[in-house]
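I opened a notebook on this structure today.

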Amino acid sequence: MNLETHVHESPPASLADVLEARRDDIVHHWVERLREGLALEPQARGVLEDRIDDYLRELATVLHRAGQGGAAVPEESAVAREHGRQRLRIGFDLGGLVREYGLLHECILDSVEQSGARVTLAELRALASFIVHGIADATDEYSRQRDAAQRLNEVRLQALLDHAPVSVYAKDAEGRYFITNRYLQEQLEFLHKEFLGNDDFSLFPEEVANEYRSHDAQALAGHTCVTEEVVHYPSGPRTFLSTKFPLPGSEGAPAAMGGISTDITERKEAEAARAQLLREAETQRERLNSLFQQPSPAFIFVMQGPEHILTLANPLLVQRFSGRDLVGKPLREAIPELVEQGYGELIDNVYRTGKPVAGNEAPLWLPSTEGGEPKEAFFNYVYAPIHGPDGQVDGVFVHAVDVTELVRERRRAEEALALLDTLLNTAPVAMSFLDRDLRYVRVNQMQADTIGQPIEHILDHHLEELVPPEVAAQHTPVRRRVLETGQPVFGQEVTANLPPERGGEVRNWLCNYAPVRNRAGEVILLATVALDITERKRAESATEERFRLLVEGVEDYAIFMLDPQGRVTSWNPGAERIKGWKASEVLGRSLSLFYLPGDVVAGVPEEALQLAASEGQHRVEMPLVRKDGSRFWADVLLTALRDERGTLRGFAMITRDISQRRQTEETLRATTQRLEAILETAVDGIITIDEGGRIQSINPATERIFGHAPEKLLGHDFLQLLPEPYLSGNIQPGGRKLLGNGREVRGRREDGSLFPLELSVSETRLSQGRFFTCLVRDISARKQAEEAQALFVRVGTLLSQSLDVPITLKSLASLVVAHLSDYCMVDLLGEDGQLRLLEVAARDPERQQLIRRSLSSSPQQVTSALLRHILESGEPWAELEPSPEWLDAIVGSSRHRALLEALDLKSLLLVPLVARGRKLGLISFAWSQLRPTCATTDLEVAKGVADRAAMALDNARLYQEAQEAIRVREDVVAIVSHDLRTPSMPSACRPRACSSAGTWTSAPPRPSAASKRRRTGPAG
């Protein structure tokens, strides 16, 4: 390392001179080397040079002295000591301090070498000695100051530890304490000196010491250990939270352990108390939840917070507001009805003031559980505040009992009480209520007037205190019996003599007694009603006298009375005249005296009494016996007689001799039976109508002809049987348009169809008015036969007019659709044995056009096996409702099938054309509406038409064959005649092969001139 030097004219004379001359350079180079060699942190130059300049001056002074007089180097340097103190303050370690002086010694020697000064051995020794003493002084001061600072820190640390509110301690590797604080000493009641140097086994019981040592071992192993340790003091156990951690040694490995123990006894006790409170709170909450889940007649819920969040709700509340999510919702969302109707403000006040609120019969409109309009309900409620742990209100408890039914019941009771007061005040009878001690608790004015005392004098008194004993004796036993048995007593008659001051007359009352029960069914009151029947009794007495006189004056009826056992108690002259017994002979005797012996044995008299007693009356017509033994028919009316209480008092029997009437009725019944037999068996319908045209009676033939049930005709207008044009204005008072025999009209059946009738009407005048008897005869069969005969005539005439087959078929089909069916189809057998559709006709012109468009002009070959079968069998086939499968079986092509679908056939009739045993084809009849008669009457008509058509076709065939034979014969004769005149004949004049007979597709061949002459000649 090269040091910069100043050039001098002459080198310094001594080491001291060098130091003085090059002091700044020495300091500069020393600082640089100090920074490089010791790897110091950047320090201010002034901090590093502190005291070095003074130290060099002191060294120069020492060297000057040593050079001058050989003085010894001083053993102590104040500057070195100050330097040692300064280096301790800035954080130099002791080794660095010593190294500083070594570097300074080297920098001085380097500077001497560069200066070229001649340094003596004595100076070098003095330099070394001063440096060594400086090192000693600096290190000594450094150590002394460091130890003093350490001791001060230990004092400060101890003061800090002694003021800590926790136990702080440190142990060496053998477990001996070397640091403790005052808190630990006071807790364990040991002096500081008693701790130091002792281990846990010297201070604590063995089991406790072992536990502590196990925790210490974890800290000495380099782990921080946090445990809870229990220390038993005379005052009781204490719990500490101990944190033990390793303390590093000189080599970095744990050489000791430290510990901090915090007394958490109060915290543990608080936590235990809090846990206990939480458990108790949870228990209370569970009990509360259990209480909430128990069936309760009240709505109970708990709300928390100022928003009144529902946290608990009992099942009754949840059920009442089913479909709503209550728990977890604020009150305004869960039960908005409470907020909207003003109860939310009350709950807010409870939450704000902490004061409970209660109310009774508070109205609240709630939605109906069945839906619809809200209904008013009433509740008794309590809103109680819930206080939190801090004593503040944090919720509201609600208990509400639905008293709607109670309020309504009370209102009904109030209404009933008001009605009762009205009834008591307005009833025309004496009414009162008595308690179980038979003291009056409520009476009306009529009752007070009956007793003759003011109402206030009657209340809370017994009847015995108000009326004479003989009157009370008639009431009290009955009243006690009603209270004991709980059964009412009705119709008790009471008689009393009024006192002289009230007229002294005898009065009669009809009394009813009834128990009044509470909801439990217990009799709590007795109700009495007394009706003054004095006037009625007097009227009954007068009526009985008049009745006796009336009964005794009647001679056409046997009127007499019977007791409940059926014994005669009264007898009038009419009974004596009809039955033959005198009163003295029958009084006290049984009712069976008047019955036939067989009826008596059968128990008829007793049964009559039982029926009259149970039903009130029993009426019967039956033969009875007179005193002389003769029998007669009697109309017997037996009536049960009961008093006001419903007790059977006897019977009244009224008998009338109806023998003459029975004989007349028997004669009339026989006549009626004969008439009914005639009506029942008559073939023609017999109808009776009144002047208004309403049907009064019909016979079974009428039902059969028109198809109506009797209940649909009797009492109804006759117009429903005959169409308006045939009846309008015919049946009028004095009118005679319909009177007479044999008029043909058209009737209407139940299905609306019209049919021909022959109507005969006769008039009968009775006291009830004019009546008309109508005889109707269904002439449908006759008319159908006439129409069929007319049709046959038309068909015969038509078929005889032409022998041209196509023209004949076309005319025939047109005639059929005009008079018989809606459609007509003719299929004929060809020469090849195949059926061909030659003619189709429809009644509807539009359908006829459709048929013409669907079928070509050439005959349509029919390949149906079913039609072949019908033709081969020779029997007609009627299909009332043809199915699609049946139609598929008769068609020969898709075009034919499409045509049938377009025509929409409902009924079909197929008849073979057979003449002289030869099967010619089929003729088909079809209807666009259901035709029930197609298998009956229509079938017969169709067979007649088919037979005539087959014969005409066969005649046409024969005619064709005859004409063809004549033509061939004439051709042969002409050829022969020609040959006789002209031997040779061109091939063109040779006979042609004749057409085969049986072909229906063309007209007959035109006859030759010779044949025409033969037909028109005399032989024709």
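I sort residues this way: Ala, Val, Leu, Ile, Met, Phe, Trp, Tyr, Cys and Pro count as nonpolar, Asp, Glu, Lys and Arg as charged, and the others, Gly among them, as polar. The model is predicted, so local features need pLDDT of at least 70 and side-chain atom pairs pLDDT 80 or more, while totals for chains, interfaces and linings use all residues. Residues are numbered from 1 along each chain as its sequence is written, and side-chain values use heavy atoms, without hydrogens and water.

**Largest cavity.** I looked up its lining by class: 16 nonpolar, no polar and 1 charged residues. A cavity is a set of points on a 1 Å grid over the protein atoms alone where a 1.4 Å probe fits but cannot get out, and lining residues have an atom within 4 Å of a point. The largest cavity holds about 180 Å³ of space. I found 17 lining residues, with Phe301, Leu338, Leu364, Phe379 and Ala400 nearest the centre. Strand 8 gives the most, with 4 residues. Strands are DSSP runs of E, at least two residues, and helices are runs of H or I, at least four, numbered from the N terminus.

**Second largest cavity.** I noted about 140 Å³ of space here. Its 15 lining residues include Tyr169, Leu184, Tyr212, Glu229 and Ser261, the closest to its centre. By class, this lining has 9 nonpolar, 3 polar and 3 charged residues.

**Helix pair.** I checked helix 6 (residues 94-115) against helix 7 (residues 121-163): their axes, lines fitted to C-alpha atoms over the stretch in contact, lie 10 Å apart at an angle of about 160°. The two are therefore roughly antiparallel (over 145 degrees, on a scale from 0 to 180 between N-to-C directions).

Methods
Parallel < 35°, antiparallel > 145°, perpendicular 65-115°, else oblique. 1 Å grid on protein atoms, 1.4 Å probe; cavity = no way out; pocket = protein on both sides within 12 Å on 5 of 7 lines; lining within 4 Å. Points joined across faces, edges and corners; volume = space filled by probe spheres on them.
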